[in-house]
Amino acid sequence: MGEKVPEIRIHDPTRDVTPEDLRERLLGHIKYTCYKDWRTATDFDKMTALSHVARDLAAARMIATQRAYLDSNVRRLYYLSMEFLLGRLLHGNLLALGILDRAREALRSLGMDLDELCEIEPDTGLGNGGLGRLAACFLDSMAAMELPGYGYGLRYEHGMFKQEFEDGWQVEKPDDWLRFGDVWEVVRPEYAVPVLLYGHVASVPGPGGEPRPVWRDWQMIEGIPHDLGVIGHGRNTVNLLRLWASRASEGFRLDVFNRGEYVKAVESENWAETISKVLYPSDSVYAGKELRLIQEYFLCCCAIRDILRRHRKRHRDWSRFARGNAIQLNDTHPALAIVELMRFFVDEAELPWDTAWDITVRSFSFTNHTLLPEALERWPVDLLERVLPRHLQLIFEINARFLEQVEARWPGEGERRSRMSLIEEGPPKQVRMMNLAMAGSHAVNGVSALHTELLKTRLAADFVDAFPGRFQNKTNGISHRRWLLLCNEPLARALTERIGDGWIRDLDRLRELEPLAEDPAFRAEFRAIKRENKVRLAQTIRGLCGETVDPDSLFDVQVKRLHEYKRQLLNAMHIVARFLQIKADPDRDIVPRTFIFGAKAAPSYHWAKRVIKLINTLARVVNADPDVAGRLKVVFLPDYRVSLAERIMPAADLSEQISTAGMEASGTGNMKLSLNGALTIGTWDGANIEIAEAVGPEQVFVFGHRAEELEALRAQGYDPRAWLEGDAELAAVVEAIRGNAFDRAHPDLFREIAERLVEGGDPFFHLADYRAYVERQDEVDACYRDPEDWSRRAILTVARMGRFSSDRTIAEYNRDIWRLTPTPIAVPNGNGNGNGAPG
């Protein structure tokens, strides 16, 4: 044994690093990493070099963190998610390390602007929307709270897609975010995992002559892990996000190539690498559905194998597995991990079934994110039998044993058995992944109070009867360090100057801001900051859309995934109404508004793509009409993503959260906008409810039918025509859309949308909520005309958003489900190397 390295706890790991030190480190990486000098280095080189500087400063902490977890044998949390929407990493990592201002000064001494350099970095293309952004916020909070947590995801080569507009239509282009590599990742080939697919299951005699199932004639691919460090803000903790890339186990076939069969020589390599090529391949065709199933299993297999390997470093007794490992499923996509762990315990560890199932259930917990029936994952039995034959057998066995328990408790209740079964008899016969996840987890949570209540009473009532203590609520939260401290530096500085920096660690400290809502000087400062942010966004809009917008107009923002239940169409209908009003009365007094949209539609979601075309058509007509000039502007920002959201959120005046009540599980965009001082117009849905309760009713313009009222409307036989007949303005809006009053050369272009609203039954109640919506919009106008009142409400909104930090959410998960022990990390003296390696 060598001499023990002396260790100390460092509260500010970079306290001795000066701007001059950073400058020298930066120039060193320009020379030794980029092989250039400062004069010949490109901006990309400089961004890369600065990223390496940050990586260097995090390295000892990453090593020390993983070493501490191993040596202390801590209980660990593994967060499995198909998405991690991280955004750009450089700015946030400099902030987490505590060297952002010093890095800014170092670059300034070299004639560079840090913000401009950070703009060069591409967004990390590992997610699509709220699901992935939530996962990223959770990783941030776990590291900042010194909790032993890991993320597991896929290393998508192309991410979702890059959105462009051609003649107003969405066009999908590859998001080639990895084309120049990723400076932050570290490949770990020593932890490669074999993944088996296809083949068949044979029955062979076991040691005692009893038949045993054996998976044979499979095809093998490999999962190669790539690690990203998740740096805890102001802490020594650096947790890991481990991303898996697929590759062929055989690779390039030189013998085949030498026979002249050049395409065949790389077939297996190309096929294997396809698995982690693109986030969410279209499942509108069978091949896409099969690829998506393989993606999900690939993640599950790699993650479970890695967890088992890590556990076996300290234990050979599987009875301790659930005590040392908590596995959180972020929605149903990774639910096959339950089956994969059972397969290992039963087939390889040879545990008795009941023992294996008990350990599995105690290890897993599951978060549900949707109530929409069409969004609940189901996999055709014939597809599972083809791709994962052994896993299908296990699912059938899990289901048979589970239904025996249901029958024993509720004898003769066939309908209950049918609803709770993991198998939907069809046709086609399918596996219900939601039921699998609920049956195989010891804890199930929703993500807002209303969502959890609807989950328990509508979607999972039978499971609540069976497992009453299993279901709970964990309202989502956001990383305020990214969504205020990082993206709204002017407001963050103003808050810190007035109430100190305690809010950075404890967002509830923002309550100390409340008295300043009555201070005219602070209200004026708050308005000036908001206008500064609006000017900045206006410059972005000019660059992306070619439109000049007025920063003194009300910035009305709706940015989120485009889906019918999120009702971007209702927002567009309001724009049509305002446009028609001004055309009918050009002298009408109206508060100037800039309507700002950002959204992607799934490539195969044709109705949503038509709504995008409608909004872009409205923008073209409205923005060119002299009658509305200075009063209405409409912009649809292309390729909505994290870095664009960071520009939008600080500039928003009004947050549109207008989903059909009972449809939005939670929402987190609502939280980001409110935290940055936007007032909300919204339905009584998702986290809107809890935001309204927290910030006060005056700060939220609530409208529309509530979930129980819509349920009653459905039961009565909702007829959208009745709402049209009593509202001439609404009828005119629908007819303008039906006949495309904005482009007479294509009169039928939006007929499908109007027919969906009227003849199609208006399934998301646009017409039923329209009048309440536009009336509340008139109240928004009246409030905005009084800048002092608007500023007071906005400041109170910011001050009361403390409960929506993801730190609070993670604390609740940890208290009620994970039960991790916070583990402060000691590092060697200075920034030296540790004597361990991430595992």
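Q: What makes a contact a salt bridge?
A: A salt bridge is a side-chain nitrogen of Lys or Arg within 4 Å of a carboxyl oxygen of Asp or Glu. Keep that cut-off in mind while looking at this model, which is a predicted one.

Q: Why is the contact of Asp748 with Arg751 called a salt bridge?
A: The closest N and O atoms of Asp748 and Arg751 are 3.0 Å apart. The cut-off is 4 Å, so the pair qualifies. The structure holds 77 salt bridges.

Q: Is Arg751 buried, partly exposed or exposed, and how do you know?
A: Arg751 has a relative accessibility of 32%. Buried means under 20% and exposed means over 50%, so a residue in between is called partly exposed. Arg751 therefore counts as partly exposed.

Q: What makes Glu350 and Arg212 a salt bridge, and which parts of the chain does the pair tie together?
A: The side chains of Glu350 and Arg212 meet with an N to O distance of 3.1 Å, and the limit is 4 Å. Glu350 lies in the loop between α12 (336-348) and α13 (353-363), while Arg212 is in strand β9 (residues 211-216), so the pair ties together parts that are 138 residues apart in sequence.

Q: Why is Arg212 called partly exposed?
A: Its relative accessible area is 27%.

Q: Which residues are linked in a network of salt bridges?
A: The network is made of Arg188, Asp227, Arg242, Asp306, Arg309 and Arg310.

Q: What makes a surface patch negative, and which residues form the one here?
A: Asp and Glu count as negative. The patch is formed by Asp16, Glu20, Asp21, Glu24, Asp101 and Glu105. Helices α1 (19-32) and α4 (100-109) each supply at least two of its residues, and α1 gives the most, with three.

Q: How do you know that Asp101 is exposed?
A: Asp101, in helix α4, has a relative accessible area of 59%.

Q: Why is Ala460 called buried?
A: Ala460 has 1% relative accessibility, and buried means under 20%, so the term applies. Ala460 sits in the loop between α18 (449-459) and α19 (461-466). The C-alpha atoms of Ala460 and Met438 are separated by 8.7 Å, and the two residues are 22 apart along the chain.

Q: What is noted about phi of Tyr198 and Phe765, and are these residues buried or exposed?
A: Phi of Tyr198 is near 65°, a positive value in a residue other than glycine. Phi of Phe765 is near 60°, again positive in a residue other than glycine. Tyr198 is in the loop between β7 (193-197) and β8 (200-205), and Phe765 is in the loop between α31 (751-757) and α32 (766-784). At 10% relative accessibility Tyr198 counts as buried, and at 2% so does Phe765, because buried means under 20%.

Q: Why do β13 and β17 count as paired strands?
A: Strand β13 (residues 364-367) and β17 are joined over three bridges, in the parallel sense. At least two bridges are needed, so they pair. Thr367 stands opposite Asn445 in β17.

Q: How do you know that β17 also pairs with β18?
A: β17 and strand β18 (residues 471-473) pair in the parallel sense over three bridges. The bridge partner of Val444 in β18 is Phe471.

Q: What makes β14 and β15 edge strands?
A: The open sheet has the order β14-β16-β15, with antiparallel pairing. β14 (378-380) and β15 each have a single partner strand, so one side of each is left without a neighbour in the sheet.

Key
Residues are numbered from 1 along each chain as its sequence is written. This is a predicted model: local features need pLDDT of at least 70, side-chain atom pairs count only at pLDDT 80 or more; totals for chains, interfaces and linings use all residues. Side-chain values use heavy atoms; hydrogens and water are left out. Patches are made of residues with over 30% relative accessible area and no salt bridge: like charges are joined within 9 Å, nonpolar side chains (Val, Leu, Ile, Met, Phe, Trp, Tyr) within 5 Å. Accessible areas come from the Shrake-Rupley method with a 1.4 Å probe; for residues, only the protein chains shown count as cover. The place of a charge is taken as NZ of Lys, CZ of Arg, CG of Asp or CD of Glu. Helices (H or I, at least four residues) and strands (E, at least two) are DSSP runs, numbered from the N terminus. Buried means under 20% relative accessible area, exposed over 50%, partly exposed in between (1.4 Å probe, protein chains only).
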